[in-house]
Amino acid sequence: MMRYFYIICVVIFANFSSAQDVRIADFGGLADDNKCDIVAFKSALSHCKKIGAKRLILDSGVYEFHIDNPQKQIAIMVENIPNFSIEGVSKDNVPQTILLRKYDFKPNLSGTAILSVRHCKNFKLKGVAFDNFPQYMSAGEVVSSDENGVLIKVFKTLPFFDNTPIYCANAWNAKTRNLKVGVPSLTFGGANVEKNLTENTLQIVDKQNRLLKLSSSEIATHLQKGDIMSWNFGWRGCQVVFDRCSNLHVENVETYSAIGFCMQASHCENIYANGVRFIRKGEQMHVGSRDAWKLYCCKGNVKIENCYFEGVRWDGQNVHGVFAWALKKTSKNKAIFGTHKDWHWGVLPTIAPVGSKVGLWLDKDNETLLTVKSAKQTPRKKISKNKCIEIEFEEDLPNFVESATLANFYGINIDSYELKNSTFRNIAGTASLIRNDNVKIRNCKFDHIMYPAICVGGAIHECEGVSCKNAIIEGNTFSNCSWQRRHNAIGAVSIALQYCKQTPTQLTPMIKNICVRNNKFKSCNVAIEALSVRNLRISNNLFENVKTKLVQRNNLEVDSDIAQ
């Protein structure tokens, strides 16, 4: 009897488990059939939501999304489906399932998402890769470079078009396929290119031989015959979006090319990532024109491990909350807060959830924490040209609060961030930009990073906070990092808070409790830079071909074994 009972249970469980899985093929989504799969995904996801499915299963191969307008049309939209995952096929931890966007090319697009996931609790993405056709970037060999400009022969597998501006362009060493050390980015985003559009636009001079001409004598000074020049056709957009997702899990997910940001998580809580990779393919020199994976206004605990970041114009990973200012007291326990960066705020009341803390800074060391009782949006025209939020607190506001008082919103600040066993290479920006508390960066490799490889500390002028407290940078290796300054920061590891006119230097919070130990620095001009840090500990680091081991000023309580 027990044997038959066991068999019945197995059959019931198998049927139940099967009912929890939905296959995209059952809705007409067939890999490698060269057909558009947008309708199949939409139908499958609608069915998953209706029956409470747990997984949408994809097959090995390429799924295509034919997009008329990549600035507006989202290929895959997942909304309000709890406890759900999208899973492709992996082999040796490498995705075999490709999500390919095919689109009508135009220069300077602001690309919307291939995948958008919103308001999903316990969401998992696993075993997929993202790509575009055509890629929204190109590269080629420098045939000549002189006072008349640059002649480029585009690589055979990469796209090229006439009259296209060169956004986020860079110079590369052809032998090593690394960024040219000592050379800045040739162009940046919009304003940098468009203020001199004639000189920053490529012209076809011989289509058959894939030859392009750039009439910029300035850019020519950074390039020699035989170098490689890369460029993007635009610089804006966000390709994979996670918004207001709790317990987000991303595993074995790769990006080969992107329009704008490769991936972004905003207002999410608790994030785990393993085997997330941003990888250039074939003759590509880079992956995208912006950050690989940006985390902003998130909360809870974040753990990133065994990941690979290569070939983005800005930051590998940018992690930050928000700085704001108390613009006006409206009662003894109410104040209006604002910032000059509207896009950070999202849905305003959600940045200050009931029961969360807001920190108000009296000076460099003294922060008063208040508890949010309620929050509501305030019409901006009454107090500021940007968005404002009025917050009522459980406690009375301290007497020092005025229009220049700096504030941190801990309801949208990560509680802890851990990055380990990951690699960052050939990034024309900062590899790890950290603007939150309680950080551990361990056993990572940073190689050919144009700006400081690790930047610890907020940027008040960009409204990106908080000022960091409690960070350990341990067991990492840094090679050929930081040959260009970022907001005056120059160390391979830079511990510095960036100021702004709205908050006087004497009122700017100190970075506190930072430990830099057991790291190796190789071929860097400056290894460690520390500005305005309290309780800094530096020990057991190795230095090879490093000009300056430590630059510091405005620091207190420094414990360092580096001889000055």
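Leaving aside neighbours within four places in sequence, which residues is Asn443 in contact with? Asn421, Ser422, Glu474, Gly475 and Asn476. Contact here means heavy atoms within 4.5 Å. Asn443 sits in the loop between strand 37 (439-442) and strand 38 (445-449). Strands are DSSP runs of E, at least two residues long, numbered from the N terminus. Asn443 is partly exposed, because its relative accessibility is 47%. The cut-offs: buried is under 20% relative accessible area, exposed is over 50%, and partly exposed is in between, with a 1.4 Å probe and protein chains only. Asn443 and Glu305 are 138 residues apart in sequence, yet their C-alpha atoms are 9.9 Å apart.

Some ground rules before we move on. This is a predicted model, where local features need pLDDT of at least 70 and side-chain atom pairs count only at pLDDT 80 or more, while totals for chains, interfaces and linings use all residues. Residues are numbered from 1 along each chain as its sequence is written, and side-chain values use heavy atoms, with hydrogens and water left out.

Next, the barrel. Six strands close up in the order 28-29-32-31-30-33, with antiparallel pairing. Neighbouring strands of this sheet are turned by 45° against each other on average, direction ignored. For that angle, axes are lines fitted to C-alpha atoms, for helices over the stretch in contact, and angles run from 0 to 180 degrees between N-to-C directions. Pairing has a threshold too: DSSP must find at least two bridges between the two strands.

Look at one pair in the barrel. Strand 30 (residues 357-361) and strand 31 (residues 367-378) run antiparallel, joined by five bridges. Leu360 has Thr368 in strand 31 as its bridge partner.

Stay on strand 31, because Val372 lies there and is buried, with a relative accessible area of 1%. What does Val372 touch, leaving aside neighbours within four places in sequence? Its contacts are Ala352, Pro353, Val354, Gly355, Ser356, Val358, Ile391, Glu392 and Phe393. Lys334 is 38 residues away along the chain from Val372, and their C-alpha atoms are separated by 9.8 Å.

Gly140 has Val154 in strand 13 as its bridge partner. Strand 13 (residues 149-154) also pairs with strand 18 (residues 211-214), antiparallel, over four bridges. Lys153 goes with Leu211, and Val150 goes with Leu214.

Thr164 lies in strand 14 (residues 164-165). Is Thr164 buried or exposed? Thr164 is buried, because its relative accessible area is 1%. Beyond its neighbours within four places in sequence, Thr164 is in contact with Phe105, Pro107, Asn200, Thr201, Leu202 and Phe233.

Now for some parallel strands. Strand 5 (residues 84-87) runs parallel to strand 2 (residues 55-57), with three bridges between them. Leu56 stands opposite Ile86 there. Strand 5 also runs parallel to strand 11 (residues 123-133), with four bridges. In that pair, Glu87 stands opposite Lys126. Which way do the residues of strand 5 point? Phe84 and Ile86 point one way, Ser85 and Glu87 the other, and all are buried.

Last stop, the second largest pocket. It holds about 260 Å³ of space. Of its 14 lining residues, the closest to the centre are Leu186, Thr187, Asn192, Glu218 and Ile219. A pocket is an open set of points on a 1 Å grid over the protein atoms alone, where a 1.4 Å probe fits, with protein on both sides within 12 Å along at least five of seven lines; lining residues have an atom within 4 Å of a point. Points are joined across faces, edges and corners, and the volume is the space filled by probe spheres set on them.

How does the lining divide into nonpolar, polar and charged? Four are nonpolar, seven polar and three charged. Here Ala, Val, Leu, Ile, Met, Phe, Trp, Tyr, Cys and Pro count as nonpolar, Asp, Glu, Lys and Arg as charged, and the others, Gly among them, as polar.
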